[in-house]
Amino acid sequence: MSRISAARLLAPARALISKHYGPAVPSPFLSSYSILRQLAGLARPKEDKEAWRESMERIRNIGISAHIDSGKTTLTERILFYTGRIHEIHEVRGKDGVGAKMDSMDLEREKGITIQSAATYCTWNDYQVNIIDTPGHVDFTIEVERALRVLDGAILVLCSVGGVQSQSITVDRQMRRYEVPRLIFINKLDRMGADPWKVLDQAKHKLRHNCAAVQVPIGLEGELQGLVDLVHCKAIYFHGAHGEKIVSGEIPSDLSSLVTEKRRELTEAVSEVDDVLAERFLNDEPITADELEMAIRRATISLKFVPVFMGSAYKNKGVQLLLDGVLSYLPCPIEVTNHALDQTKNEEKVSLSGTPGGPLVALAFKLEEGRFGQLTYLRIYEGTIRRGDCIVNVQNGKKIKVQRLIRMHSDEMEDIQEAHAGQIVAVFGIDCASGDTFTDGSKKYTMTSMNVPEPVMSLAISPSSKDMGGQFSKALNRFQREDPTFRVGLDKDSGQTIISGMGELHLDIYVERIRREYKVDAVVGKPQVNFRETITQRAEFDYLHKKQSGGQGQYGRVIGYIEPLPKDSSTKFEFENMMIGQAIPSGFIPAIEKGFKEASNSGSLIGHPVEHIRMVLTDGAAHSVDSSELAFKLAAIYAFRQCYTKARPVILEPIMLLELKAPTEFQGPISGDINRRKGMIIGNDQEGDDCIIIAHVPLNNMFGYSTALRSMTQGKGEFTMEYREHAPVSQDVQMQLINSYKMTKGAESG
């Protein structure tokens, strides 16, 4: 009886769900238990596809990247102000004691640079915009790479005076690698010497973009009053204390000819890559604002065109129009194709649908140690994640329960119950590394691994007192998990802890963070460059390892040769077994490879790793009783040492790409100094009163360069440096390095 009355009671609910989903509803979904759960609010019925599509179309995941000091964080601060996320504006460098919202670490507020990518979200015209503010300093490129990996679109900020600088090129290259559609924002139009047309020209030639302005400034430098929108052909002014009141007006008469010319340039640039617009343009038919807007959107999303916006974030001009541009021209999550690798099918590429109804696929792209434990930022590519769900880390197969689901606003948190594909969220209590993929367990997908550059600089570090050892190792473990370019190792000879990273500033920041966040005073050695060793010719080896000391002895003989790998080879070490027959039982081959690998970790010249080598085993001998894995491993190690010196080894040093900008009057001393540092100048450009010098310089000769450049140029010079390659050192430098290595070894053993 009770079952019948329950069925009657639930009949209206069942009818409602059938109506919502249509006849093809799975029967368990309409079970009484399921309906009761849904009525109790435990699991809301999924919304139909159209509603999901609509909600997805109203999401934008964007990043803001640029060269250092292009006004990136200031721009983000203004965006947050206009979208109502913050109610007052604070400047970078925290002169008012508050600092910009996105620079949430004390260190960032002090130095005025952005170190970690802070993630925040805001709402503009009913669209949800997730913004990741990325660092502009080259030492933090891993943060930029990580942010771009999870974005659907980006804003590249260029300074109207500095133009396209070295870091702008690096950031643009990274955007190209991850196929991120982008807008360009030419900032700082209020500065002396602002020239947006020169910058636009540089974007075309230096970045090789098909780009055109979608705005024309009304006045420049101190005279900047507003902007002309070329798509809708109207002048826009920004009134009010913070430029929050937008007023449209007629285009000033003195600009009408320039506006006509620039609109034609814009239409022409877009019609070159968009067939629909090209037809109208070639037939000289009038092009409406909506048609032009749709064509720009299609061309931007297909990576064939980059619209250029202008303004001054500091002077509150042009930011709202840039936000409109983000909604109009950058893609929503379903317009971007994301690929995963299927681990069950030998990493076969799988296209993700990006629907909330699919199986969960999410990428942990950033880790942070928060007040309540490890905070993991996730970008959801497919499926839905709910609080209380169990998710699986594909890398190690661990099942984890989602205790708290959070939406981040820089370092403030907002608890949410669920999030779906296309969103960026954070979760607590998940033990993982950055780059790990999470699924609901039904699929074994991983998102493609991110490109992690090799560290180029190391320094010895130790806590000033032994009591701080626990906190010290805790700090190093955390930073290693958060940042894949920060490595920690142990020097076998001296027993010192060695930290490695992407440059002096990178390591300085971490030493400073250990002091601030963990209250550990660290003793830091002189920074050391990460040299490498390699060989230049083939050499044979034939080594017999024989040891008899009562009982079972050791016996292993290996014969073969070592040769250099080609320069462009992606592998650093290769081992090949070309032995014919069973002179050495196959069970010992892995031990021989292990021995060679171990020996290559430390070359005999200066004790640095040996790379680009190929070890080939051609013959050998074994003893029926005395041979063992250990014997063959030792034979391989000694054979490597025996043939290494005969293969004419050389030392490789990291060569950096240096780009510096300074007033022309200092060009002579700067060039002389670069030559003295054994650098090779490969480019010399003139830009106004400044000269731009591009050179390849050995990193070992660049310590303290910022101080030297400041004193040479009366503080007017600036430079950026990024790793290019490892190249052989000259003979005299090699002898110098070998002698100093021998002296330190002698001092240690003495």
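User: What makes the contact between arginine 676 and aspartate 673 a salt bridge?

Analyst: In this predicted model, the side chains of arginine 676 and aspartate 673 come to 2.9 Å, N to O. The criterion is a side-chain nitrogen of Lys or Arg within 4 Å of a carboxyl oxygen of Asp or Glu, so the pair qualifies. The two residues are three apart in helix H17 (residues 667-676), and therefore about one helical turn separates them.

User: Why is arginine 676 called exposed, and why is aspartate 673 called buried?

Analyst: Arginine 676 has 62% relative accessibility, and the label exposed requires over 50%, so the term applies. Aspartate 673 has 5%, and buried means under 20%, so that label applies to aspartate 673.

User: How many salt bridges does the structure hold, and what makes glutamate 576 and arginine 614 one of them?

Analyst: There are 20 salt bridges. For glutamate 576 and arginine 614, the closest N and O atoms are 2.2 Å apart, and because the limit is 4 Å, the pair counts. Glutamate 576 belongs to strand S33 (residues 573-577) and arginine 614 to strand S34 (residues 613-621), so the bridge ties together parts that are 38 residues apart in sequence. Glu576 and Arg614 are also linked with Glu563 and Glu574 in a network of salt bridges.

User: How does the span of H16 compare with expectation, and what covers its buried residues?

Analyst: H16 has 16 residues and reaches 22 Å from its first C-alpha to its last, close to the 22 Å expected at 1.5 Å a residue. Its buried residues include Phe632, Ile637, Phe640 and Tyr644. Among the elements that cover them are strand S30 (532-535), H15 and S34.

User: Why is threonine 534 called buried, and what does its side chain reach?

Analyst: Threonine 534, in strand S30, has a relative accessible area of 9%, under the 20% limit, so it is buried. Its side chain reaches the backbone oxygen of glutamate 611 at 2.8 Å; because a polar contact requires N or O atoms within 3.5 Å, this distance meets the limit. Among the residues that threonine 534 touches are Val610, His612, Tyr644 and Leu652.

User: How do you know that the span of helix H11 (residues 289-301) agrees with expectation?

Analyst: Its 13 residues should span 18 Å at 1.5 Å a residue, and its end C-alpha atoms are 18 Å apart, so the values agree. Leu292, Ile296 and Arg297 are among its buried residues. The buried residues of H11 pack against elements including helix H9 (256-271), helix H10 (275-282) and helix H12 (319-329). Leucine 303, which follows H11, has a positive phi near 65°.

User: What makes strand S7 (215-218) and strand S10 (245-249) edge strands?

Analyst: The open sheet of four strands has the order S7-S8-S9-S10, with antiparallel pairing. S7 and S10 each pair on one side only. The twist averages 30° from one strand to the next. H12 lies across S7, S8, S9 and S10, running at about 125° to S9.

User: Why do strand S9 (residues 234-239) and S10 count as paired?

Analyst: They share five bridges in the antiparallel sense, and because at least two bridges are required, they pair. Within S10, serine 248 is the bridge partner of isoleucine 236.

User: What makes strand S22 (residues 424-428) mostly covered?

Analyst: Five of its five residues are buried. Ile424, Ala426 and Phe428 point one way, and Val425 and Val427 the other. In a regular strand, side chains alternate between the two faces of the sheet. S22 pairs with strand S15 (residues 373-382) over five antiparallel bridges, and leucine 378 stands opposite valine 425.

Definitions and conventions. Residues are numbered from 1 along each chain as its sequence is written. This is a predicted model: local features need pLDDT of at least 70, side-chain atom pairs count only at pLDDT 80 or more; totals for chains, interfaces and linings use all residues. Side-chain values use heavy atoms; hydrogens and water are left out. The expected span of a helix is 1.5 Å times one less than its number of residues. Buried means under 20% relative accessible area, exposed over 50%, partly exposed in between (1.4 Å probe, protein chains only). Contact means heavy atoms within 4.5 Å. Axes are lines fitted to C-alpha atoms, for helices over the stretch in contact, and angles run from 0 to 180 degrees between N-to-C directions. A polar contact is a pair of N or O atoms within 3.5 Å; within protein, one must be able to donate a hydrogen and the other to accept it, and residues adjacent in sequence count only if both atoms are side-chain atoms. Lists of a residue's contacts leave out its neighbours within four places in sequence.
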